[in-house]
Amino acid sequence: MSVLMLGLAIALALSMVAAAAVALITRSTVIAVLAAGLVSLFASIFFVVLAAPDVAMTEAAIGSGLTTFLFFFTMGRIRREGGK
Amino acid sequence: MIRHVVVALLVALLGIAFWTLTAGYLPDAELNRTAAYYAAHAQDEVGAPNIVTGIIVTWRGLDTLGEVTVLFLTSAVIALVLTQSKTPAGATGAGFLPSGELLTTGTRMIVPLIVLLGAYVIMNGHLTPGGGFQGGAILASGALLTLLAEPTRRFGHSVIARVESASGLTYVLVGLAGMMIAGGFLDNGILPLGRFGAMLSAGAIPLISVLIGLKVGAEFSSILESLHETEDA
């Protein structure tokens, strides 16, 4: 692994940790969901850097796509039906 | 106070456990015996340029079947639990907020592309990164986007269920055919290997990829569908 790749990997790992911390600390649910999706997105880029594009695809589609959307979906329902 | 100490202690223990796992980690200098066999024989036995798909569809095909079965059980359990609080007939779409011009127009443009990408990833699973599972998840995200943009739309439950069971059944039948004709369960040698790197090559791998893709896509869609159609009674 070249120095450039190593630097990229370390930067991605640190951003993942930072995004996870944001998801834990923030008071806003929307930002927390987005930050959790960001962790998955960084993870999928990380998998590409580590030469595992198949895993990266699954992570991007399920972890960062479906899960994030599902959270928003549920939040929309809570907002809609919570007012009743 | 004592709770915080316990939590900190547990986190520290977890950190130590991970540290001991990773501190002594040395990357292998060479592939182990199984991996070396897979890498050496992927071309002549499986015929798939993408070794990963070749492994998970043929040599480790049973694992993939198990994975898909777990997903099927999940969707079945979710449907079973949520049918208890089904939307009363005639009340569909009453309390939905409109989803907005941006989302509606964007969905109309993007969903066909997403479905096309899913089909591409499924069909080229043996050539480029991807395969049935990844493509199925992409297909399901297309279905999810449609649900988000048009909350009142209903997909056909029976169609999804039929696609799901038909592809699952065919998957197992292809596996059994491998036992009869070729070397074992889910052996891809039931169809000719073809020219290495061609679209229709690698034996039964494209067929199995399509089946897995349909099954995974249908399962995810049915999970989303069940979640979507449930109303609090």
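Good morning. Chain B consists of eight helices and zero strands. Please bear in mind that this is a predicted model. Read from the N terminus, the elements of chain B follow the order α-α-α-α-α-α-α-α. Its radius of gyration is 22 Å, well over the 17 Å that the globule rule gives for 233 residues, so chain B is more spread out than a compact globule. Along the principal axes, the C-alpha atoms of chain B fill a box of roughly 60 × 60 × 35 Å. Of the 233 residues in chain B, 30% are buried. As for contacts within chain B between residues at least 6 apart in sequence, 72% of them link residues at least 24 apart.

I turn now to the core. The largest nonpolar core contains 45 residues, and B:Ala137, B:Ala140 and B:Ile208 have the most contacts inside it. Both chains supply elements that give two or more residues: helix 2 (29-49) and helix 3 (53-82) from chain A, and helix 2 (33-46), helix 5 (101-123), helix 6 (132-149), helix 7 (157-181) and helix 8 (205-229) from chain B. Helix 8 of chain B provides the largest share, namely 11 residues.

Which residues does B:Ala137 touch, leaving aside those up to four places away in sequence? From chain A, they are A:Thr58, A:Ala61, A:Ile62 and A:Leu66; from chain B, they are B:Val216 and B:Phe220.

That brings us to the contact between the chains. Here 12 residues of chain A meet 16 residues of chain B. On the chain A side, seven of the residues are nonpolar, two are polar and three are charged.

Let me return to helix 8 of chain B, this time with helix 3 (residues 51-59) of chain B. The two pack at an angle of about 80°, and their axes are 11 Å apart. Helix 3 of chain B is therefore roughly perpendicular to helix 8 of chain B. On the helix 3 side, the residues involved are B:Thr53, B:Gly54, B:Val57 and B:Thr58, and they meet B:Ile205, B:Ile208 and B:Ser209 of helix 8. Classified by type, this contact has three nonpolar, four polar and no charged residues. B:Ile208, I would remind you, was also named among the residues with the most contacts inside the core.

Finally, a residue of chain A. A:Ser15 is located in helix 1 (residues 3-25) of chain A. Is A:Ser15 buried or partly exposed? It counts as partly exposed, because it has 16 C-beta neighbours inside 10 Å, whereas a buried residue needs 20 or more. Between A:Ser15 and A:Phe73 the separation is 58 residues in sequence and 26 Å in space, C-alpha to C-alpha.

Thank you.

Terms used:
Residues numbered from 1 in each chain as written. Chains lettered and ligands numbered in written order. Predicted model: local features only at pLDDT ≥ 70, side-chain atom pairs only at ≥ 80, totals over all residues. Core = buried A, V, L, I, M, F, W, Y, C linked by C-beta atoms within 7 Å. Buried ≥ 20, exposed ≤ 12 C-beta atoms within 10 Å, placed from the backbone. Helix = DSSP H or I, 4+ residues; strand = E, 2+ residues; numbered from the N terminus. Contact = placed C-beta atoms within 7 Å. Nonpolar A, V, L, I, M, F, W, Y, C, P; charged D, E, K, R; others polar. Axes fitted to C-alpha atoms, helices over the stretch in contact; angles between N-to-C directions. Parallel < 35°, antiparallel > 145°, perpendicular 65-115°, else oblique. Rg over C-alpha atoms; globule rule 2.2 N^0.38 Å.
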